[in-house]
Every structure is written in structure tokens, then in C-alpha cells.
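Please keep the sequence and the structure in view while reading.

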Amino acid sequence: MCGIVGYIGKADAPTVLLNGLRRLEYRGYDSAGIAVLDNGQMVISKSPGKVSALSERTRADWPAERFSRLTMGIAHTRWATHGPPTEINAHPHLDQSREIALVHNGIIENYRALRARLEGKGHHFYSETDTEVLVHLIGECDKGNLFQAVCDALHQVEGTFGIAVLSAREPEKIITARRGSPIVIGVGDGETIIASDAAAILAHTQRVIYLDDNDIAILTADSIEIRDLNNVPVTREIAELGYDETAAEKGGYGHFMLKEIYEQPDSLANAIRGRLDFNVGSSVLAGMGTSPRDLAELSRVVLIGCGTSLHASLVGEYAFEDLADLHAEVQQAAEFRYRNPILGSRDLVIAISQSGETADTLAAVREANQKGAFVMSLCNVVGSTIARETGRGVYLHAGPEISVASTKAFTCQVAVLLMMALKLGRGRRFSREEGIRFAREIEHLPALVAQVLLQNDRIAAIAETYAHNEHAFFIGRGPMYPVALEGALKLKEISYIHAEGYHAAELKHGPIALLVQGTPIIALACDVPGKDKMLGNIEECRARGARILGIVTEGDDATAACMDDFIEVPRCHPLVATIPAVVALQLFAYHVARIRGCEIDQPRNLAKSVTVE
Ligand code: AGP
């Protein structure tokens with residue numbers, strides 16, 4: 001889950017590449033590097049740490065005129081998989097002749113065997129990476145035709161790759177290829193740019209081509225030739241991005257995460273717009289590609305995802321059971337293809353992924369397709385691999401999500417799942433009136449979330465009380481249980497507090513042993529089924545000296561009185577309440593992390609899109 005950029009075209013390629021890397025930094029930020037050709041010489045600059053460190057070093061080491069004079073190069077920002085984040089292990093890597101440079105996103109699984117074979121032929125390796133082996137293999141295969149050499153090398157590779165290759169021997173082109181890791185090509189005017197995602201291309205063009213697995217392309221400033229690895233020409237359509245650079249700016253907020261939290265009334269409005277039918281009391285989700293007959297014949301819904309998307313799936317599970325009387329289950333994507341999922345044509349499999357590139361979820365999609373299930377996706381990134389591989393599904397329209405900690409994608413995922421459940425429920429148990437009532441509840445979501453955002457200062461003040469703890473527990477019941485899991489994940493990933501989410505009833509089966517005087521308990525005590533039991537669980541924690549922060553329904557003073565601190569969320573349907581409740585927890589986590597001085601948008605050891613298994 002690195003970010004790669006390649007550029008060939010007009011002047012000042014180093015600046016274009018560094019700007020592109022900045023846009024991709026959320027994909028990995030532990031080291032970075034750039035390679036350019038200068039008067040036929042391969043010139044490399046690499047640095048541990050952020051892209052800013054690389055930019056400083058490059059500007060210090062390279063003569064200023066080099067920046068404006070050069071017209072092509074490749075660059076990389078890394079999330080280490082093989083070898084620690086050092087300068088030596090940073091990309092680009094060079095082949096034995098030091099005339100071919102490569103940047104790579106993915107994992108070469110058989111690199112040890114390839115390395116041993118090449119060492120047997122006298123190759124010398126400097127780094128611990130799998131990537132250096134691939135560029136040496138390309139060099140070994142190069143008989144005067146770089147394109148063919150890359151094809152021959154990739155035929156010997158097991159694993160995933162998104163690559164860009166530059167050679168001093170063929171200075172007028174860049175070669176790029178993919179299998180499992182995303183590659184987008186920007187079709188410019190007298191310039192061509194490639195990147196791991198469109199964020200790095202926005203400044204140059206809105207016209208893009210998404211490569212498919214085993215595609216390889218030869219890029220020049222004025223041409224893009226796409227073939228498969230057997231050198232057979234393939235055609236890929238040009239798509240329009242439809243959003244501009246400002247979407248990728250902070251817009252005056254201190255962090256992308258806070259900006260994206262505040263964008264939720266708009267992103268939810270976008271996710272809902274034109275999708276609720278108040279005449280029929282249902283939803284219109286054309287992309288699902290289901291006929292009324294398909295829907296009627298469905299016997300089960302299987303939801304798959306990872307991390308925050310897995311938590312959204314868990315809310316979806318409650319929604320399909322409750323609203324559509326349909327058996328629903330959640331599968332952890334990483335386990336899916338390693339167990340033996342029993343699937344058939346009457347099973348609706350919904351793959352949930354913000355990025356649409358998560359390797360485990362993609363593998364689960366392929367498994368479900370193979371087993372003949374009715375597979376669709378719920379993605380945010382348009383044109384992403386999972387969206388294209390499922391060929392049907394619903395886009396979130398949440399806009400680009402830059403902060404590694406997912407916020408607006410989660411709330412839009414839940415909103416779309418509620419609309420899907422409404423659609424299935426309308427065909428199964430909902431009357432028109434009930435359907436209209438629930439559709440109105442969904443329609444109010446932007447306003448409900450806006451109400452929670454008004455409490456930002458109050459939540460920031462509450463966060464002061466909790467920011468200095470090293471442990472915290474989030475508890476919930478019913479659809480608030482996945483909200484507790486999500487709240488704990490947000491706090492964990494951006495503040496580094498060891499936070500755990502539990503079903504409230506589970507505490508007394510073990511975890512309650514961890515409670516001591518002052519242990520923070522964040523309790524989802526909104527007005528949902530089982531609230532009375534929830535209040536009992538809260539008293540069990542209080543009896544052990546825990547400090548209770550309650551998320552309570554507006555005006556429920558009796559429940560609020562049971563808490564040490566509380567945040568109110570508007571009164572609404574229990575399933576809908578999951579969204580304003582999670583926004584309160586997003587703000588809480590944000591302020592705790594801010595108070596602790598954490599790197600909120602780029603937490604250590606994380607990356608926005610996990611493209612390796
Ligand atoms: C969430 O804040 C994390 N960034 C992570 O858990 C994320 O949800 C997970 O990697 C899944 O990503 P996806 O939705 O892009 O597939």
C-alpha cells in the first residue's frame with residue numbers, strides 16, 4: 001500500500017512528481033524516493049520519512065535548473081512490507097546495470113527464490129526488499145527491448161504489483177503494469193501521468209484510464225499503448241474524474257479528519273440524493289442490478305469488509321434482519337477465502353470498501369464470484385478495482401477521503417445499507433406507509449449529524465478529561481455494538497490509546513477484570529432496544545470505579561444523570577441513530593488525539609488503502 005507516480009511530458013517533472021507523492025502520502029509515509037534521467041544518466045534521490053523530507057533533500061542535492069529542465073521521472077512513497085523504512089530500502093530500486101529504475105506497490109511473493117537464482121548469476125543486492133529483485137529480473141531479461149523485458153520478468157512473478165519502470169537505455173518512455181494493485185493513467189495534453197490513484201492526477205487532467213489486472217502500458221508524452229503481458233493489444237475506456245483538486249485540500253481545517261467529519265451532512269446528502277422514493281416508500285439503487293424477482297428470491301445477505309468497513313457491515317446485518325426479515329451475516333474478508341463459505345445464486349454478497357482496493361476484500365469478492373453468489377459492492381472510489389470486478393453496486397458519493405481514519409465513508413456506508421435494507425424490506429414486510437416513514441428517517445440524517453457537530457466544543461472539553469488515559473472501553477448493545485467497535489477503532493488508530501469495543505454484556509465474561517478506579521468506559525446508552533440492560537452494565541462498571549462517558553438520546557435526562565459525562569444525540573430510529581452516535585465518537589477521538597499531539601491524518605504504521613494481504 002505504497003503510492004507510485006510516473007510523469008512524462010512538459011518541463012519540471014521533479015516538481016510534478018513530488019506534488020503527486022504528497023497527494024498519495026496517505027497510502028504510506030515511512031520513506032520516499034524519485035528517479036529521473038538527466039542527459040541520459042539515471043539520477044536517484046531517496047529519504048526515510050515523509051515526502052517533505054525527500055523534497056528537502058532533492059532540492060538541496062539537485063541543482064535548481066535540473067528541476068525546470070527535466071521532463072520525465074518516476075517516484076514512490078512507501079509503506080514498508082519487506083525491510084525496515086530506511087533510505088536503502090526506499091524506492092526507486094535499480095537493476096544490476098544501474099540503468100533501469102523501478103517503483104512498486106504490492107508484494108512479490110516468490111522474491112526469495114528469484115533472488116537466489118539471480119545471485120547465482122552474479123547479481124548483487126543492496127536492500128532487503130522484494131522490489132529490488134524485480135528490477136534485477138527486468139535487467140536480466142532486457143535484450144534491447146524494455147517492454148518485452150518487463151513482460152518476461154512479470155511472467156515469472158507471483159504476487160501483486162503496480163509498477164513504473166524507467167530506463168536510461170530507452171529514455172523516451174515509461175512502462176507501467178498492474179496485477180492486484182491499482183494503476184490510473186492520466187491522459188493529458190502533451191503529457192502523460194500515472195499514479196496509484198487519481199488524487200495525484202487531478203492537477204493535470206480529468207481524463208483517466210484504469211488499468212486491469214495483467215495490463216501493461218507504454219507511455220510517452222503523446223501516446224498511451226496498452227497491451228496484456230502476452231503483447232496482445234487491449235482497449236481500455238477513458239473515464240472522467242468529475243471532481244477537482246479542492247476536494248483534496250484541507251479547506252482551512254487543522255486536519256483532513258476534522259474536515260471530513262464536518263463534511264458529513266453534505267456527504268450524507270450526496271449519498272441519499274435521488275435514492276429515496278417517497279411515493280412507493282422504498283429506495284432506488286439502480287446500480288444494484290437486481291430485478292424485483294432477484295430480490296424476492298434472495299435467501300441470505302452476506303456482508304464482507306475489513307476495519308471500519310467491517311463495522312459498517314455489522315450495522316448492515318442488524319438492518320437486513322430487522323427491516324427486511326432476511327438472514328444476514330458478516331464475514332471478515334481476510335478469512336473468507338481461507339474458510340469454505342457455503343454460497344449459491346440466492347445469496348447476495350455485498351463487498352464494502354471505501355477505497356475499493358483492499359486486497360482481502362478483493363480476494364473475497366473473487367471467491368464469492370467463483371462460488372456463483374450474487375455479488376455487488378459498496379465503494380467510495382469510482383473506478384476502483386472492487387467496483388469494476390463486481391460490475392454492480394452502489395457508490396457512496398462521499399467525495400475523496402484523505403485522512404487514514406475513515407469517518408464520512410462509514411456514515412455513508414451505513415446510510416446506503418439502510419437504503420438497501422429498506423428496498424429489500426419493502427418487497428418483504430414493509431407497508432408503503434412504514435416504508436415512507438423509514439425513508440423520512442434516512443432523509444433527516446444530514447440534519448441529525450449537523451446537530452451533533454454543534455456540540456464540537458463541548459466534546460472537545462470532555463476529551464480533556466479522558467485524553468491522558470492509556471486504556472479505554474467502548475460498550476454498546478444491538479446496532480450500537482458495532483458503533484462501540486468503530487468508536488474504539490477511531491480512538492485506537494489516531495490517539496494510540498489501547499481502546500477495546502465490546503458488546504456490553506460481554507464485559508462480565510472477562511474484560512471487566514481490567515477495570516480499575518478511573519478506567520474510561522464510553523457507553524452507547526441511546527434509546528435502542530436493550531437500553532435498560534445497558535444501564536445495568538454501566539452500573540456494573542461504575543461499581544468497579546470506572547468513569548462513564550455516555551452517548552445518550554437528547555432529552556433523556558434520567559439516563560444522562562447516570563453518567564460522569566455525556567454527549568446527546570438526536571432522537572431517531574435505533575438503526576438511524578448509529579450515524580449521529582458514531583459522529584460524536586469521531587469528534588471525541590479527534591480531540592483526544594489532538595490533545596495528545598498525535599499525527600491525526602497519518603497515524604504511525606497505518607495506510608489508507610491496504611493493498612496487500
Ligand atoms: C479505518 O479508519 C481504517 N483506515 C481501516 O480500518 C479501513 O477501514 C480498512 O482498511 C478498510 O478499508 P476500505 O474500506 O478502503 O476497504
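Helix H10 supplies three residues to the shell around the ligand, which is the largest share. The model is a predicted one, and the values below are to be read with that in mind. In total, 14 residues surround the ligand, and the closest of them are Ser 309, Ser 353, Ser 355, Thr 358 and Glu 493. Sorted by class, the shell comprises eight polar residues, four nonpolar residues and two charged residues.

| Residue | Atom on the protein side | Distance to a ligand oxygen atom |
|---|---|---|
| Thr 308 | backbone N or O atom | 3.0 Å |
| Ser 355 | polar side-chain atom | 2.7 Å |
| Glu 493 | side-chain N or O atom | 2.6 Å |

The ligand taken alone exposes 410 Å², of which the protein buries 91%. The space that the ligand takes is the second largest pocket. Two elements give two or more residues to the shell around the ligand, namely helix H10, which spans 307–324, and helix H18, which spans 480–495.

A separate point concerns Ser 267, which is found in helix H8, covering residues 264–272. Is Ser 267 buried or exposed? Because buried means under 20% relative accessible area, Ser 267, at 2% relative accessibility, counts as buried. Ser 267 also illustrates a pairing across the sequence: Ser 267 and Lys 408 are 141 residues apart in sequence, while their C-alpha atoms are 6.9 Å apart in space.

Key: Residues numbered from 1 in each chain as written. Predicted model: local features only at pLDDT ≥ 70, side-chain atom pairs only at ≥ 80, totals over all residues. Heavy atoms only, no water. Near = heavy atom within 4 Å. Polar contact = N/O pair within 3.5 Å; in protein donor to acceptor, adjacent residues only side chain to side chain. Areas by Shrake-Rupley, 256 points an atom, 1.4 Å probe, with all protein chains shown as cover. 1 Å grid on protein atoms, 1.4 Å probe; cavity = no way out; pocket = protein on both sides within 12 Å on 5 of 7 lines; lining within 4 Å. Sits in = over half its atoms within 2 Å of the grid points. Helix = DSSP H or I, 4+ residues; strand = E, 2+ residues; numbered from the N terminus. Nonpolar A, V, L, I, M, F, W, Y, C, P; charged D, E, K, R; others polar. Buried < 20%, exposed > 50% of the residue type's maximum accessible area, 1.4 Å probe, protein only.
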